[in-house]
Amino acid sequence: PGRAAFVGSVASDRIKKHRGDGRRRQGFTRNSRGVRDSNEGCLSTLWSVAPVGLMAVAIATASEALRTRGEIERIRTKLQQTEQELAEYTKLVPRAGNAPWIYDHMKRFDEMSAEAGGLAKEGGYRANESVKNGLTIERWEAHLDQSTPRAFQSSISGETEVNCWDLADISLTPSELENMGAKSRKKAALALKECGFLVLDSLLPKEQIQRMRDAYNTFRETKRAEKYFRYPCQGKGRFEYMLPFEPPFNSSNAPYHNPQLRSIILDFLGGPFKLELMTVINSSPGSGDQRWHQGWRYLFHGEERLPPYSIVVGIPLADVSSEMGPTQFCPRRKLRFYHGFRCDEGEVLGIGSTSGSVILFDYKLLHRGPANDSPFFRPMISMVFSRMFFVNAEAYVNRGISLLQTLHQRR
């Protein structure tokens with residue numbers, strides 16, 4: 001080791017000496033030596049930095065390639081999603097023409113209008129032959145007396161000929177539905193007008209209810225249901241899906257084609273109507289109470305007195321016991337907008353039902369879904385029917401309905 005160190009120091013001295021001699025022989029000045037030393041330093045630095053620079057360029061190039069590849073993958077994924085969405089649109093059942101019964105409704109509406117105000121159809125328009133400037137105030141008030149609760153009429157006591165807490169007064173039995181005559185229709189209209197709700201006992205076959213429930217359960221498990229048809233739903237433990245316009249929900253025997261149901265809705269709304277919305281609201285085991293609410297507020301003013309314009313039709317997809325939380329109503333509470341109001345405990349009415357029964361209630365009626373204390377789910381089809389002029393705009397804005405969902409709904 002000592003010899004090696006000695007040899008190394010001698011060699012270093014010789015190198016320094018030869019370098020100095022060489023510089024003197026070449027006649028370098030002080031300034032030229034500074035320039036030469038500076039150039040040598042730059043070259044030395046460049047040589048030492050070159051590998052690092054090349055590596056940085058390589059890393060930047062690789063990073064750019066990865067970013068480009070990632071962008072390509074993102075575009076490819078987006079293209080696949082777009083193709084899937086396009087497939088959803090293209091397989092959508094084309095919108096068909098009106099069902100024959102709709103034209104029957106129009107004809108019946110003309111007859112009702114003629115009876116109420118002497119209207120005649122002329123050149124595609126309904127003209128009033130008896131009064132030049134439209135219906136008189138007296139006729140309008142008579143129409144309101146017929147279509148709104150008696151509580152609006154100050155000259156008449158609050159007592160009515162229907163007991164809203166008596167099941168016999170607010171429901172139609174299977175035999176009454178089968179023989180749907182003037183008496184049954186009058187009973188249904190009175191219950192809806194005064195109490196705000198009506199029960200149609202065993203209107204639909206149990207087999208049809210089971211088919212719709214199976215179809216709903218299958219649909220709910222699909223990705224398209226979660227992506228396009230999921231609705232936000234009020235209340236803990238509840239979820240809601242809009243039903244697609246496809247079998248069995250749009251078949252010829254779908255619930256909204258039922259003649260007894262259509263007849264009752266037409267009598268109540270008093271004119272042509274449309275299916276506004278059709279969803280399934282599912283209450284999970286352990287779900288909590290909803291707040292009391294109405295389907296819609298007043299149209300123009302909190303003190304308005306107007307005929308009904310919308311109605312909800314609920315179809316439980318299972319037998320509903322009291323533990324499962326059947327829909328609760330506050331009878332007669334449909335005169336005003338009861339936002340934030342509660343129903344007194346003695347007034348609350350919840351009706352259990354068997355599979356196939358149907359419940360109708362005025363869109364303005366105070367109602368809620370109570371807690372589900374059973375170990376079973378409680379799915380219920382909810383259909384909203386409304387007069388042609390009414391659209392629930394808040395459902396579009398607040399619920400963020402997708403375009404595909406809207407197309408299904410408009411069918």
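Biologist: Contact means heavy atoms within 4.5 Å. On that basis, which residues in α6 meet α9?

Modeller: Arg185, Ala188, Leu192 and Lys193 in α6 meet Ser263, Ile264, Asp267 and Phe268 in α9. By class, this contact has 4 nonpolar, 1 polar and 3 charged residues. Here Ala, Val, Leu, Ile, Met, Phe, Trp, Tyr, Cys and Pro count as nonpolar, Asp, Glu, Lys and Arg as charged, and the others, Gly among them, as polar. Please note that this is a predicted model, in which local features need pLDDT of at least 70 and side-chain atom pairs count only at pLDDT 80 or more, while totals for chains, interfaces and linings use all residues. Residues are numbered from 1 along each chain as its sequence is written, and side-chain values use heavy atoms, with hydrogens and water left out.

Biologist: At what angle do α6 and α9 pack?

Modeller: The angle is about 55°, and the axes of α6 and α9 (residues 259-269) are 10 Å apart. Axes are lines fitted to C-alpha atoms, for helices over the stretch in contact, and angles run from 0 to 180 degrees between N-to-C directions. The two helices are therefore oblique to each other; under 35 degrees would count as roughly parallel, over 145 as roughly antiparallel and 65 to 115 as roughly perpendicular, with the rest oblique.

Biologist: Is the crossing of α6 and α9 left-handed or right-handed?

Modeller: The crossing is right-handed, that is, the near helix is turned clockwise from the far one by less than a right angle.

Biologist: How many residues does α6 have, and what should they span?

Modeller: Helix α6 has 14 residues (182-195) and should span 20 Å, which agrees with the 19 Å between its end C-alpha atoms. The expected span is 1.5 Å times one less than the number of residues.

Biologist: Which residues of α6 are buried?

Modeller: They are Ser184, Ala188, Ala191, Leu192, Lys193, Glu194 and Cys195. Buried means under 20% relative accessible area, exposed over 50% and partly exposed in between, with a 1.4 Å probe and protein chains only. Just after α6, Gly196 takes a positive phi of about 100°.

Biologist: Turning to the whole chain, how many helices and strands are there?

Modeller: There are 11 helices and 13 strands. These are DSSP runs numbered from the N terminus, with H or I and at least four residues for helices, and E and at least two for strands. Of the 411 residues, 38% count as buried. Among contacts between residues at least 6 apart in sequence, 81% join residues at least 24 apart.

Biologist: Where is Cys330 found, and is it buried or exposed?

Modeller: Cys330 is in the loop between β9 (328-329) and β10 (349-350). It counts as buried because its relative accessibility is 0%. Leaving aside neighbours within four places in sequence, Cys330 is in contact with Trp292, Cys343, Glu347, Leu365 and Leu366. Trp292 is 38 residues from Cys330 along the chain, and their C-alpha atoms are separated by 9.0 Å.

Biologist: And what is Val348 in contact with?

Modeller: With Trp292, Gln328, Phe329 and Cys343, again leaving aside neighbours within four places in sequence. Val348 also has its place in the loop between β9 and β10, and is partly exposed at 25% relative accessible area.

Biologist: Which residues does a cis peptide bond join?

Modeller: It joins Pro247 and Pro248, with omega about 0°. Pro248 is in the loop between β6 (238-242) and α9.

Biologist: What is phi of Ser202?

Modeller: Phi of Ser202 is near 55°, a positive value in a residue other than glycine. Ser202 lies in the loop between β4 (197-200) and α7 (206-220), and counts as partly exposed at 36% relative accessibility.

Biologist: Finally, where does Gly288 lie?

Modeller: Gly288 is in the loop between β7 (273-283) and β8 (310-316). Not counting residues up to four places away in sequence, Gly288 touches Lys236, Arg238, Gly369, Pro370 and Ala371. Gly288 and Gly235 are 53 residues apart in sequence, and 6.5 Å apart in space, C-alpha to C-alpha.
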